[in-house]
Structure formats: structure tokens, C-alpha cells
Amino acid sequence: MNAESFAHCEKLLPSSYVKQAHQALRARETVIRTFIEHRRWPEEGWDDATIELLLHEFAMMDSNNFHGNCGVGEREARFASDLVARRHYRMGHGIGRSGDVTAIQPKAAGSSLINKLANILVTDAIKIAGARTISSSFIVPMATGMGIVLCFLALRNLRPNTKYILWPRIDQKTCFKAINTAGFTPIVIDNVLEGDELRTNLVQIEEKIQELGAKNILCICCTTSCFAPRAPDRLEEVAIICKKYDIPHVVNNAYGLQSAKCMHLIQQASRVGRLDVFVQSTDKNFQVPVGGSVIAGYNKELVEETSKIYPGRASAAPSLDVFITLLSQGVKGYKKMLADRKEMFKYLSEEITKVADTHGERLLKTKNNTISLAMSLSQLHGDTKQVTELGSMLFTRFVSGTRVVAHDSPDKEVAGYKFKNYGAHTDQYPCTYLTAAAAIGMTKHDVDTFVKRLDKVLGKCISKSGDKNQVNQKPADETLVKHIDGLSVNDKDSEDKDTCENEEPVMDSVPQ
Ligand SMILES: *Cc1c(COP(=O)(O)O)cnc(C)c1O
């Protein structure tokens, strides 16, 4: 309401009440004005009412919400369902224009503003997370894999005659498939085992560059966040190689934004050598639904070119989700999330160590990986059936996100390339192990529940593997209904599944 409306209100209510209410409203509007004026991520998080006030105002700036608007085009942001309209705060124009996701939408000033501001917020977030000197970043309404494809395609315009992408092996299919989807030939660089840790093979990278010729290589594509016992790639050393041979350097930073270590590696790499762009997931780092990624870089033109090759318009939903989330958290709330995660990683590692000790196993030493942990399962002797069963038993106990990897996992073909021992990031890892991650948003309760269930499951599986002929002994009168965190589980079923003997594997025990 404007000042005139308030003046009219004073004809209906005592003016002191109206003045006070007017002031209260102005306080919210000042918060909004300050944000738009300075275009910086607010230190304090906003309450939902302020965020909604802003969203409603922005929505009213889109042509589909204009009073008396007469749409005669084929795309007029119409809603057949009011539920859908409300789900999107009545903004339906999406983002971008034919051929550029960051371009302004003439029919949708409000949506365009949200998109611009969301990109500013996310750039601030990446700087705060540790990549302090990035030039820019933008949200792509596609998950990380397709975001990486976009980067490859943008680089192709600069290096049209290249054919290869050097890729230190990580057994997660997305990035490998992205290389194929973009039309390049992946050159897999084997990892090297250092202690328990799998690390980047720098010697092989240089050998391959010499063998294939730098001018034929589109880029080197490294990975930060990954399952232990793989460590984040040696970004600094690779960046120096990239600079030496004038080869672009793309980094898959899928969930690395939440790790000070990954972000430090990125920042350092750009300082000592060459790092062009890095891509991260919006859902894994900001706790929003799957659907977006952020492309960030140290080269403003390249980031801009990347946004320009996106054909057509795009969904505004990923940007809107990030916009709302970052305003709601504020810098303070986000920093607290990062600090809590770090604590939780430490706690998870202590608790897994205890369970490991109890069962004669150990936490693998992977000091460079500050998100994922791995615990040996040497007593399972890599027996594929038992390994799958262990994963399966955890799965039936509502434990999600752990992975059990046998020391001789089966081979797997991904996009026409045959990987030996797929899941282990290497042709041969010395032992079978289980991984767990302390990712942003994980609670102490998650850790406590996980280690309790893990302890129980290991008790059954390891004793079983010690004496295969022993029948699973269980008191006949064990209660029929067991409660797992308030969820009643039909005990007969799930207890039968604990035999580690005759169970159909229900979980993929290797990374997807
Ligand atoms: C999540 C993830 C990706 C990206 O997967 P999307 O489904 O495209 O988001 C790529 N690499 C790694 C290591 C990941 O963890």
C-alpha cells in the first residue's frame, strides 16, 4: 500500500494504530529495498513473510499477472491449474530468451529480476564457501551432468578441432556420460594408491598429453567431491599442467561447495595454474529439489559464453528455489550449516571408528576426503553375495546413502567403455569397504541411528562369514513387531532378511 492508502485507512481506524502498522510494513520494505539496492546476500536470513511479500510483488511485475493483459501469443504463462500457479507464485514465463538463459525476459520483469538476483546470491555463496575470486556464476536449470555438458560445448567453440577429454577415473557415471554426450572421447586416467587413498595420477596425465598432443585435447576434467577412499583430485598440480600445455581445466565439484577443503583446492588451483570453470549441484549443496546446477568460473567471458549456448528458455524453478533458500538462510544461516556439517563429519568419523574397532575392522585413512568416509570390511573377503546382502540389510533398515564395495567388484560397461572393478575407482583395491558421507544437513540423530544399525548388521554378517555353516540363531520368542524410529516394521519379514544367507539383493551396492 502507498502513503495515500494509509492516509485513507486513518478514516477507518485511529491514526496512531495506522501509523504504527505503516512503520511495521516499512521495516520489511526497507529490508527488501536494501537488498535490491546493494545486491548482496543479506547477513541475516529473512522470515518467510518478507520473502513472500517480495515474491508476490515480483509476480505482479510479470505480464501474465497484469490487469487487463491480453495475450495473443503461443506462450503467455497461462495456468490451467491454480495449484500449479500457486506452486510457482504465479510466475510462468521461466527464464532466458531464445538462446541465452541469462537474458532478460521482456514479458516477465519479475521473473527476470529473480533470476538475476538468484545468480548474484549464488555467486556470493560460492565466494563465501571459499572460491573468493570467481568472476561470476549462474544457475542452470539442469542437474550437474548436463551443466558439465554445457561447459564442454562452450569450450568446443573455442577449441573446435579437439577430440579428447582427460578424466581421472571416478566411478560415478554422470560425468563420464557427459563426456560422451558432448561428443568427446574420454581418456581415463587411472588413480594411484597412496596408503589407503586413491589419488590423481599426474605422471599418466602428462604422458597422455604428450601422446595425444595438447591441441587435440578439449580439457582435463577433474573431480573434487567423491566417495572415499578416493580423494579429491590434485587440482593444483593439474592446474599447473593445464597452464603449461594451454589446456582448459573443468572441475566437477558436485557436492564440493560444502567442503572448505574442496573449495580451497579450487581457489588455489586458479591461483597457481589454470582452472576455467567448475560445476556444482544445487540440490546437494543447498538442500533444494533436484533440478539445477551452478556453473562458476574465473573467466567471465567463458562463463558468459556458456550461458549463451543454452538453446531457448528454461525452467525458473531451480533459480527460484535457490533464491528463496539463500534469502531464508542469510549468510549467517549458511555459514552455520557449513560449520555444523564439519562437526558432523568429525563425529561420524569417531563413531564409525568405534563400530569398526568393535568388529575388528578399521576406518580407512583418507585424510584428503572431508565428506565421505570408508570403513574396511576385510572379514567379508569380498564375497560378492555377502557384500550385496550387507548393503541390502542396511537398506531394509532404512539406511540410505551407504555403499558397500567389494574388493573385486564386477566389471561394468558405461557408455561403451569397460571399467574393471566398477565402484572402487580403480582396477584393484586391497579390501572390501563400506562408505558413508557427512553431507550438509546431516544431523547427529542421523549419525547415531546409522551407527547403531550398522553395528547390529555387522554383528550378524561378520559372525556369519566367520562360520558359514552356523544357523542364524535367534530367540524363538523375539517380539513380532519392532520399532524403527516410530515406523513399525513387520518383524517376521525383516528378521528373516537378517540371515545374510538367503536374501535377494535389493540394493545396488555400487555408485550409480
Ligand atoms: C551428483 C554427482 C554428479 C552429478 O550428477 P547429477 O545427477 O547430474 O546431478 C556428478 N559427479 C559426482 C561425483 C556426483 O556426486
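A residue is counted as near a molecule when one of its heavy atoms lies within 4 Å of it. In this predicted model, local features need pLDDT of at least 70 and side-chain atom pairs count only at pLDDT 80 or more, whereas totals for chains, interfaces and linings use all residues. Residues are numbered from 1 along each chain as its sequence is written, and side-chain values use heavy atoms, with hydrogens and water left out.

**Ligand surroundings**

Around the ligand stand Ala143, Thr144, Gly145, Ile170, Gln172, Thr174, Ser225, Asn252, Ala254, Tyr255 and Lys284. The table gives pairs that meet the limit for a polar contact (N or O atoms within 3.5 Å).

| Residue (side chain) | Ligand atom | Distance |
|---|---|---|
| Thr144 | oxygen | 3.1 Å |
| Thr174 | oxygen | 3.4 Å |
| Asn252 | nitrogen | 2.9 Å |

Taken alone, the ligand exposes 380 Å², of which the protein buries 83%; accessible areas come from the Shrake-Rupley method with a 1.4 Å probe.

**Aromatic pairs**

Rings of Phe, Tyr and Trp (its six-membered ring) pair if their centres lie within 6.5 Å; planes under 30 degrees apart count as stacked, over 60 as edge-to-face and the rest as tilted. The count by this rule is twelve aromatic pairs. Phe176 and Tyr417 form an edge-to-face pair, because their ring centres are 5.6 Å apart and their planes stand at 65°. Phe176 belongs to helix 7 (residues 173-181) and Tyr417 to strand 13 (residues 417-419), so that the pair links distant parts of the chain, 241 residues apart. Helices (H or I, at least four residues) and strands (E, at least two) are DSSP runs, numbered from the N terminus.

Phe176 has a relative accessible area of 1% and is buried, whereas Tyr417, at 32%, is partly exposed. Buried means under 20% relative accessible area, exposed over 50%, and partly exposed in between (1.4 Å probe, protein chains only). Ring pairs join Phe176 and Tyr417 with Trp167, Phe419 and Tyr422 in a cluster.

**Helix 9**

In helix 9 (residues 235-245), the buried residues are Leu235, Val238, Ala239, Ile241, Cys242 and Tyr245. They lie on the same side of the helix because they cover an arc of only 160° around the axis, taken from the directions from the helix axis to the C-beta atoms. These buried residues pack against helix 8 (202-212), strand 6 (217-223), strand 7 (249-252) and helix 10 (260-272), contact meaning heavy atoms within 4.5 Å. The exposed residues Lys243 and Lys244 are on the face turned away from the buried side. Just after helix 9, Asp246 adopts a positive phi of about 55°.

Terms used. Polar contact = N/O pair within 3.5 Å; in protein donor to acceptor, adjacent residues only side chain to side chain.
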